[in-house]
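Reader: I would like to understand the terms used for this model before I rely on them. Could you show it to me and then take my questions in turn?

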Amino acid sequence: MCVREAGLATCSLRRCPDLTRGFFLLTRHVGWWWALVQTLGYCGRIWSHFDRQAIGGFIVQAILILIAPALYAASIYMILGRLISAVGAEHLSPVPLQWLTKIFVAADVVSFLLQAGGGGIQAGGTLHLLQIGEKIIIAGLFVQIAFFGFFVMTAVQFHRRLLVHASRPLSLSSTGSRTTVPWKKHLYVLYTVSSIILIRSIFRVVEYLQGNSGYLISHELFLYIFDTLLMVLVMVIFLIFYIDDLYLGLTSERSGDEEKAK
Amino acid sequence: MAQGNNTIGLSPDQAAAAAAFDFQLYHYDPSLPAAVVAVAVFAILTALHILKILRHRSLYFTPFVVGGLCTSPIPGPVIHVCARSWASHMLSSPLP
């Protein structure tokens, strides 16, 4: 009995966070995972260099390089939600906080599935499937662009409200305990990476709209400028400005929950 | 038929349509140096992100991190080998 209680206590503290927390922590620490997807994607291009007729190498690089930014986007969406709650300004969120992350991540999952599914359909290898897949990928990219635009508008709106609110003599939250978070810096990081990914998504849409014989897809350089370089930039920005203090917000929230549990 | 036309598993009719449509997987020879540099840069970024997570002692993800450390340097050589075996295979067969 004692052992079992001790086991449960350990479990509730650190070892086994519940699914939601686990999911958040997973998404919070996926930076390396995105990079891994990209690494594998470009391995597909090495493969293609050795055999440019092999559909396998083509599909590996096409799908992985195409979908990696959708993974970045999911994390960016989650970061805004975390930022809002870490600053304790839930009441200033333009979209209710419990919906904010859900809406954007759901849209991102749809976009991700459309792009990956379109790529998968293209892997069918017939011309008809290639054309259908292309249309589905374009739809996925438009979903991504639309929601990214909506997301940036949401962030800007939140930023404005927070500025108005912060200029008042009272602190941001009723407790005032979490206002040490450098939210301006975090918001600028989010704006920067969002813009970069938006530029990249627009490039991809144009590339796919031009079709298989289009100018952009026919020249390898454009891929490396508008996709590789931009995505490296995003990864470097996240490496330098990774939003660590949001994690502090999480731990204080966690200890609060633990106190409640007691 | 021009080099690079993709006629994977197509009947003669479809192959003719393919030629008319002029679909190609690549309109260029995918650059090896560019891809190798990209793989290297992203592998380094993977490692740096992992180091950063480790530095913050997020022990929850130790298994993932170990997995990542094991995986990231490996895909290159593995896929390289696959590619070469595939390439030699492709010499005699239109479909793998």
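Author: What follows is a short exchange about a predicted model, in which chain A has 10 helices and 0 strands.

Reader: What makes helix 7 and helix 9 of chain A roughly antiparallel to each other?

Author: The axes of helix 7 (residues 183–209) of chain A and helix 9 (residues 220–240) of chain A cross at roughly 165°, and angles over 145 degrees count as roughly antiparallel; the two helices are therefore described in that way. Their axes also come within 10 Å, and helix 7 of chain A passes helix 9 of chain A in a left-handed crossing.

Reader: Which residues of helix 7 of chain A meet helix 9 of chain A, and which classes do the residues of the contact belong to?

Author: On the side of helix 7 of chain A, the residues include A:Val189, A:Ile196, A:Arg200 and A:Phe203, while those in helix 9 of chain A include A:Phe226, A:Asp227, A:Leu230 and A:Ile237. By class, this contact of helix 7 with helix 9 of chain A has 12 nonpolar, 1 polar and 2 charged residues.

Reader: Why is A:Ala155 called buried?

Author: A:Ala155, which lies in helix 6 (residues 127–166) of chain A, has 22 other C-beta atoms within 10 Å; a residue counts as buried at 20 or more, so A:Ala155 is buried.

Reader: Leaving aside its neighbours within four places in sequence, which residues is A:Ala155 in contact with?

Author: With that exclusion, A:Ala155 is in contact with A:Leu80, A:Leu187, A:Leu190 and A:Tyr191. A:Gly81, which is 74 residues from A:Ala155 in sequence, is 9.9 Å from A:Ala155 in space, C-alpha to C-alpha.

Conventions. Residues numbered from 1 in each chain as written. Chains lettered and ligands numbered in written order. Predicted model: local features only at pLDDT ≥ 70, side-chain atom pairs only at ≥ 80, totals over all residues. Axes fitted to C-alpha atoms, helices over the stretch in contact; angles between N-to-C directions. Helix = DSSP H or I, 4+ residues; strand = E, 2+ residues; numbered from the N terminus. Parallel < 35°, antiparallel > 145°, perpendicular 65-115°, else oblique. Left-handed = near helix turned anticlockwise from the far one by under 90°. Contact = placed C-beta atoms within 7 Å. Nonpolar A, V, L, I, M, F, W, Y, C, P; charged D, E, K, R; others polar. Buried ≥ 20, exposed ≤ 12 C-beta atoms within 10 Å, placed from the backbone.
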